Amino acid sequence: MDPFESIKQTFFQECDELLTDAEQGLLAMESGEADDETINAVFRAVHSVKGGAGAFGLEDLIRFAHVFETVMDEIRSGKMELTDEVAKTLLRAFDVLADHVAAARDGGKVEEGRSQGAYGELRGLIGGEEEDDDAMGGGDEDFGFVPLTLSIEGEDAPGGFIDLDAQNAEAGVELPAPDQAPQDELASWTVEFSPKSEMYAKANEAGLVLRELARLGETRVTLIDETLPPLDQLSAEQAYVSWRIQLFTDSDEASIREVFEFVEDDCNLIITRDGAEPSVAAPTDDGLSDDDRAAADSANADLDIAALLARVGGGDAPAEAAPEIVAEAPPEAPAEDVAALIARAQSVAPPPAAKAPTPAPTPPPVAAAAPAAAAAPAAAAANAAPAAAASVTIRVDLDRVDRLINAVGELVIQQAMLSQRVLESGLARSSNVALGLEDLELLTREIQDSVMAIRAQPVKSVFQRMPRLAREVADMTGKRVKLVMEGEGTEVDKTVIERLADPITHMLRNAIDHGLEDPEGRAEAGKPAEGVVRLRALHRGGRIVIELQDDGRGINRPRVRGIAVARGLITEDQVLSDEEIDNLIFLPGFSTAEVISDISGRGVGMDVVRRSIQGLGGRISISSEPGKGSKFTMSLPLTLAVLDGMVVTAAEQTLVAPLSAIVESLTPRTEDVHYIGGKDAVIRIRDTFVPLIDVGVALGFRETAIDPASGVAVLVESEGGGKAALLVEAIQGQRQVVIKSLEANYQQIDGVAAATILGDGRVALILDVDALVTTQRRKPAARPSEKRMAS
Amino acid sequence: MSKTVLTIDDSRTMREMLNHALVEAGYRVIQAVDGVDGLEVLQANAGQVDVVITDINMPRLDGFGVIEGVRANPEHRATPILVLTTESDAAKKERARSAGATGWIVKPFNPVKLVDAVRRVAA
């Protein structure tokens, strides 16, 4: 992939993370829980967004991020007070910022009015127009360069090197252009360069500056060492020498000055243009390329240093040293001018003297001189370090994971079948084959868990979209709402997560639009103006439970009942518990909104939510307290691929009951079973009566129930908390089964959640416990729900 | 021997851009994700790093802290440090300078300027 595009993708990925962090920080700021570090983190996030946007020339995003960043900076530095109003403005602006990022990514554009509105609000916080374009002006010209410079990739630089001169020329950096500028246009400049000790303390080196200067044209370097004290008074931390350089170049003063950009505050620098053409030895066409000249000049500079070293050291500078210590154009050729020089000087001069007068008082880079033996382990460490610093994740195509999961699913089945065959073959349980199979089973289980873990992701990715949604709905409905989220780190299978988004979105809209009162209504009810909606995720009993709770008005039961009767969903005289009335809202064709609003009333009712949850093998229920609010509870399997089940026999069918729903199993005693109205059985389990459902009858395998005493009762609990005892003939055992969707392969059947393939290769149906329990409870004739006995 | 540059930046995008431009120019690049990490990586690669490029705004330890940390360590004090500044913020640049920064690169940088700056300080 084009590296430019690849980095851009990284940028947008990072933006998602940054925006998430920023939003959390902003929410904390709004609730007054933000400390300095939180505010700083928000600033940094926006700052990074802007930085990346700058690199990619995303003007709209830069502009918006810039003003956002400015506000954050003011808050961070204490110049602006973080009021509720400011926090709310920032949150609104944040949504626009996120839109800008999305627009930049998708090549769209944020609606002008929206962007301008938020921009204006932020500007308003800063007050005044002062800096506006100024702050950006400096960068603007740089932005223009970026696309060009990234094109150095590939075709231009096959060898992995940049032709720096060509690049410089392209980028508008002025360098002498050989064979183009006639020699007689070269001006002569005199540069006096006197470093101060501070310059060396910052790891700048005079030699490098001279080398840089030589890139501009021919130089004649004179070393001024008059202030150099005798050796015994020399301090390693002081700067003693300076240089006078005559430079022949067609560059202007600004370009020359740029060479000294990093050091100009730490040196005395005088740059003067000589009045006349260089009188002596003006470079005529000597056939040398610029590089050669630069090299030669560097050599001259180095020669002076060498001479100096030699003099200080009392030795003779080897004249032939010069050509060998030429400073080439970096970075291909490591220009070890100073280091090489020192090495050479050390060979001719007494060591202590040689070291003292080097331009840099600090030791030269060890890299150049490091012994090979020491370098080897160090290099190994160097290789390990970046790996540790970089994130240790890989990205894998989801299809591959799914193929793996499917294969593991088959493995589980195959392993079960094999176990069964071995068992049937009459081999002793202690036989080697059986023992080996047990190990295999454990291993299979472990593989399966590991594979499932690959797909597990925190629900955060869905939750993080909700604060924004809450703000938008609140804005549209004129309500005030605070969304509190918990358990974002709760992990669940990726497919489940993806399909959670819609139901949660719908329920959240519903909660704010219908559940919460408007501020006046809340005031009348004696509640704070701001409504609270809690969104919570947790693991419970091998499932993930999502709760959405509001502190609004709760379900208006008489009204719900009235509507249900009017729509013909229930009969007028039907007796329903509060819970059952509440749950009427999930029935198809039920909608309580009198005015179809923009938000919840999109032709989608709660029945659609329930269907999509059920499609995931989940349940949804509501509990409500009038005047205090409602709570929606969704419960979903952690994975859609496997299930721990209890294999049972009913009406000669092998069926699987999800283990998560099972409380206990028992053998019914005849005296504990009672019949209500002569036909609906209930069983007494300790002090409670629960319905006794004959599974064979419920699923239509047979007409009449078996004698309870001849079978086994499996006590199950539905998501809604309702209990029932399922009557089956026998329990075969506990087993992990691979779920095969019935809907995908056949069609949905009431009371059946899915199917699986057992060890003997037969298909078994997986019971939908909740459906069985609720169907039983819905029967209008008798409602033998739990009743306390006085005994 | 190609020179080694240690880049310290909390932004993955920026690290990738630096990496791309520097590798393209023939440097070896080591990355660190914040100031603390940067100093640790520098220590782990003692004697191997020719130039340090650091961002200013970072969690845990900012760029100024990095500069001070490098300059305070006799082993690394001669290592050139380039700071990345987003805005041509004079105050920040000055603060970095007085802490001991060797030079600076103004973001958004273009690779030519970046490589120029590295060459200028890399012995």
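Helix H1 of chain A, residues 3-30, contains 28 residues and spans 39 Å from its first C-alpha to its last, close to the 40 Å expected at 1.5 Å a residue. After H1(A) comes A:Gly32, which has a positive phi near 75°. These values, like all that follow, come from a predicted model. The model scores ipTM 0.84 and pTM 0.50.

**The two chains**

Chain A comprises 27 helices and 22 strands, while chain B comprises five helices and five strands. In chain B, the elements follow the order β-α-β-α-β-α-β-α-β-α from the N terminus on. Confidence in chain B is given by a mean pLDDT of 86, with 97% of its residues at 70 or more.

| Chain | Residues | Buried share |
|---|---|---|
| Chain A | 791 residues | 36% |
| Chain B | 123 residues | 66% |

Contacts may also be described by separation in sequence. In chain A, 69% of the contacts with a separation of 6 or more are between residues 24 or more positions apart. In chain B, 61% of the contacts between residues at least 6 apart in sequence join residues at least 24 apart.

**A five-stranded sheet in chain A**

Five strands of chain A form an open sheet of mixed pairing, in the order E20-E12-E13-E22-E21. Strand E20 (730-738) and strand E21 (752-757) of chain A each have a single partner strand, so each stands at an edge with one side left without a neighbour in the sheet. On average, neighbouring strands of this sheet are turned by 35° against each other, direction ignored. Helix H16 of chain A (residues 398-424) packs on the sheet and touches E20 and E21 of chain A; the direction of the helix makes about 145° with that of E20(A). Within the sheet, strand E13 (residues 653-658) and strand E22 (residues 763-767) of chain A run parallel and are joined by two bridges. A:Val656 lies opposite A:Ile766 of E22(A).

**A six-stranded sheet in chain A**

Another open sheet of chain A has six strands in the order E14-E18-E19-E17-E16-E15, again with mixed pairing. Its edges are strand E14 (662-666) and strand E15 (673-676) of chain A; each has a single partner strand, so one side of each is left without a neighbour in the sheet. From one strand to the next, the twist averages 35°. A:Ser665 has A:Val714 of E18(A) as its bridge partner.

**Nonpolar cores**

The largest nonpolar core holds 106 residues, of which A:Phe68 and B:Val118 touch the most other members. Leaving aside residues up to four places away in sequence, A:Phe68 touches A:Val46, A:Ala93, A:Leu97 and A:Leu122. A second, separate core has 42 residues, among them A:Ala650, A:Val714, A:Leu727 and A:Ala754.

**A:Asp502**

A:Asp502 is located in helix H20 of chain A, residues 494-515. With 15 other C-beta atoms within 10 Å, A:Asp502 is partly exposed, because a residue counts as buried at 20 or more such atoms and as exposed at 12 or fewer. A:Asp502 and A:Ser612 are 110 residues apart along the chain, and their C-alpha atoms are separated by 8.7 Å.

Notes
Residues are numbered from 1 along each chain as its sequence is written. Chains are lettered from A and ligands numbered from 1 in the order in which they are written. This is a predicted model: local features need pLDDT of at least 70, side-chain atom pairs count only at pLDDT 80 or more; totals for chains, interfaces and linings use all residues. Helices (H or I, at least four residues) and strands (E, at least two) are DSSP runs, numbered from the N terminus. Two residues are in contact if their C-beta atoms, placed from the backbone, lie within 7 Å. Two strands pair if DSSP finds at least two bridges between them. Axes are lines fitted to C-alpha atoms, for helices over the stretch in contact, and angles run from 0 to 180 degrees between N-to-C directions. pLDDT is the predictor's confidence in each residue, from 0 to 100. A nonpolar core is a set of buried Ala, Val, Leu, Ile, Met, Phe, Trp, Tyr and Cys residues joined through C-beta atoms within 7 Å. The expected span of a helix is 1.5 Å times one less than its number of residues.
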